[in-house]
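Biologist: I would like to go through this structure with you. I will ask what stands behind each label.

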2 protein chains.
Amino acid sequence: MVKELREKSGAGMMECKKALTATGGDTDKAVAELRKAGLAAAQKKSSRTTKEGRVEAYIHGEGKIGVLVEVGVETDFVSRGEKFKEFCHDLALQVAASAPRWVRREDVPEAVIAQEREIYAGQAKGKPEQVVEKIVAGKLEKFFRETCLMEQPFVKDPERSIEQLRTDLVNVIRENVEVRRFVRFQLGETE
Amino acid sequence: MVKELREKSGAGMMECKKALTATGGDTDKAVAELRKAGLAAAQKKSSRTTKEGRVEAYIHGEGKIGVLVEVGVETDFVSRGEKFKEFCHDLALQVAASAPRWVRREDVPEAVIAQEREIYAGQAKGKPEQVVEKIVAGKLEKFFRETCLMEQPFVKDPERSIEQLRTDLVNVIRENVEVRRFVRFQLGETE
């Protein structure tokens with residue numbers, strides 16, 4: 001059971017044992033607990049500076065799509081590790097497949113959000129104001145999930161968002177990880 | 001002599017024979033003649049649309065620098081050929097090594113050119129107006145050669161500019177080639 005939990009959560013053996021004891025052997029609950037603890041631990045590291053890292057490239061379809069991503073991490077040693085490299089590669093793959101427009105929702109220009117709000121409100125027209133508000137908020141969340149890299153479901157494992165993938169990595173390598181920027185070229189899109 | 005000329009100019013056998021006859025066997029002159037003819041032929045093709053092509057990536061220094069370039073060509077067949085792929089790779093290498101800021105001089109913003117002019121004029125202050133004009137024009141040419149990809153000397157063969165490299169390719173593959181855009185990520189530069 002500890003082994004299964006370790007694979008599911010990426011947490012250490014002692015933590016998994018503790019979580020299993022605390023949840024009376026319920027693996028699903030234990031995973032949720034470990035996720036919460038992992039998130040808290042990752043957030044604590046989020047202010048640490050990431051001077052090292054990697055620029056990763058990915059070419060899809062014989063040169064039809066190209067992607068660059070830049071990911072920061074704290075030490076040169078970790079930047080050369082397999083786990084970190086794998087994350088960078090997965091990230092580039094994600095950008096190629098899902099064509100996000102921004103890294104995080106904070107990067108979406110105010111004007112774009114205002115325009116989206118207007119469209120959603122127009123679609124819900126005639127309904128009570130509170131209902132419209134809820135619909136707009138819900139659709140805006142969906143918009144962020146579709147257009148912001150960190151909020152997109154990971155193409156190789158749609159149960160996890162890219163932010164969750166990042167958090168999991170932080171807890172494995174025990175260093176802050178910062179997705180800095182990406183670019184995606186699709187052949188002919190600028191014609 | 002024909003063989004040597006073909007290697008130097010990339011032109012066909014018949015063209016090389018003709019050029020050698022016309023220049024009385026002077027290889028250097030013949031190369032110059034062939035270059036001129038090649039340039040004219042390449043310019044004729046410059047209005048042809050380039051719907052096919054490649055996005056090429058290059059990573060330098062274990063992920064410290066990453067480059068994407070997009071190059072257009074007329075047919076899918078040519079886009080898969082070795083000569084074209086080699087050009088795309090050389091271009092990405094060039095961008096990694098020489099960090100151009102724009103593709104061509106037409107892409108440099110007017111404000112940047114105005115600012116450069118001012119700096120150069122300031123440096124030449126006190127000299128006669130005509131002399132200042134000449135100095136400014138000369139330094140501006142140098143600025144374009146340093147910052148515009150197509151005008152940079154090719155890192156693998158500084159005798160040729162990237163534009164010359166493109167022209168030579170056009171004359172070999174007999175299709176228009178368009179360098180569309182590039183991007184260069186250097187680890188940590190946005191911090």
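Modeller: What follows is a set of questions and answers on the contact between the chains, the symmetry and some charged pairs. Keep in mind that this is a predicted model.

Biologist: How do you know that the two copies are related as by a two-fold rotation axis?

Modeller: A rotation of 180 degrees superposes chain B on chain A, with 0.0 Å of shift along the axis and an RMSD of 0.1 Å. The two copies are therefore related as by a two-fold axis.

Biologist: Which residue of chain B comes closest to that axis?

Modeller: Ala57(B) does, with its C-alpha at 3.1 Å.

Biologist: What makes you say that the copies meet through the same surface?

Modeller: Of the interface residues of chain B, 100% are also interface residues in chain A, so the copies use the same surface. Chain B gives 34 residues to the contact, and chain A gives 34 residues.

Biologist: What area is buried between the chains?

Modeller: About 2500 Å², with 56% of that from carbon and sulfur atoms. Val55(B), Arg181(B) and Phe185(B) supply 27% of the area that chain B buries against chain A, more than any other three residues.

Biologist: How many salt bridges are there between chain B and chain A?

Modeller: Eight salt bridges are counted there. Eight residue pairs are in polar contact between these chains, both residues being at pLDDT 80 or more. The elements of chain B that give two or more residues to its side of the contact are strand S1 (52-60), strand S2 (65-73), helix H4 (76-79) and strand S5 (177-186). That side divides into 12 nonpolar, eight polar and 14 charged residues.

Biologist: Why is the pair Arg80(B) and Glu62(A) called a salt bridge?

Modeller: The N to O distance between their side chains is 3.7 Å. The cut-off is within 4 Å, so the pair qualifies. Side chains of opposite charge can pair when their charged atoms come close.

Biologist: How do you know that the pair Asp76(B) and Lys64(A) joins two chains?

Modeller: Their closest N and O atoms are 3.7 Å apart, in a salt bridge. Asp76(B) lies in helix H4 of chain B, and Lys64(A) in the loop between S1 and strand S2 (65-73) of chain A, so the pair joins two chains.

Biologist: Why is Asp76(B) called partly exposed?

Modeller: Its relative accessibility is 29%. Buried means under 20% and exposed over 50%, so Asp76(B) falls in between. Lys64(A), at 27%, is partly exposed too.

Biologist: What makes Arg54(A) count as buried?

Modeller: Arg54(A) has 11% relative accessibility. That is under 20%, so Arg54(A) is buried. Arg54(A) lies in strand S1 (residues 52-60) of chain A. Leaving aside neighbours within four places in sequence, its contacts include Val69(A), Phe84(A) and Cys88(A), as well as Glu62(B), Gly63(B) and Leu187(B).

Biologist: Why is the pair Arg54(A) and Glu56(A) called a polar contact?

Modeller: The contact between these side chains is 3.2 Å.

Biologist: In chain B, are Glu56(B) and Arg54(B) buried or exposed?

Modeller: Glu56(B) is buried, at 12% relative accessibility. Arg54(B) is buried as well, at 11%. The two form a salt bridge, with the closest N and O atoms 3.2 Å apart. Elsewhere, salt bridges that share partners join Glu52(A), Asp76(A), Arg80(A), Glu62(B) and Lys64(B) into one network.

Notes. Residues are numbered from 1 along each chain as its sequence is written. Chains are lettered from A and ligands numbered from 1 in the order in which they are written. This is a predicted model: local features need pLDDT of at least 70, side-chain atom pairs count only at pLDDT 80 or more; totals for chains, interfaces and linings use all residues. Side-chain values use heavy atoms; hydrogens and water are left out. Contact means heavy atoms within 4.5 Å. Buried area is the accessible area (1.4 Å probe) that two parts lose on being put together, summed over both. A polar contact is a pair of N or O atoms within 3.5 Å; within protein, one must be able to donate a hydrogen and the other to accept it, and residues adjacent in sequence count only if both atoms are side-chain atoms. Helices (H or I, at least four residues) and strands (E, at least two) are DSSP runs, numbered from the N terminus. Ala, Val, Leu, Ile, Met, Phe, Trp, Tyr, Cys and Pro count as nonpolar, Asp, Glu, Lys and Arg as charged, and the others, Gly among them, as polar. Buried means under 20% relative accessible area, exposed over 50%, partly exposed in between (1.4 Å probe, protein chains only). Copies are superposed by least squares on the C-alpha atoms of residues with pLDDT of at least 70 in both.
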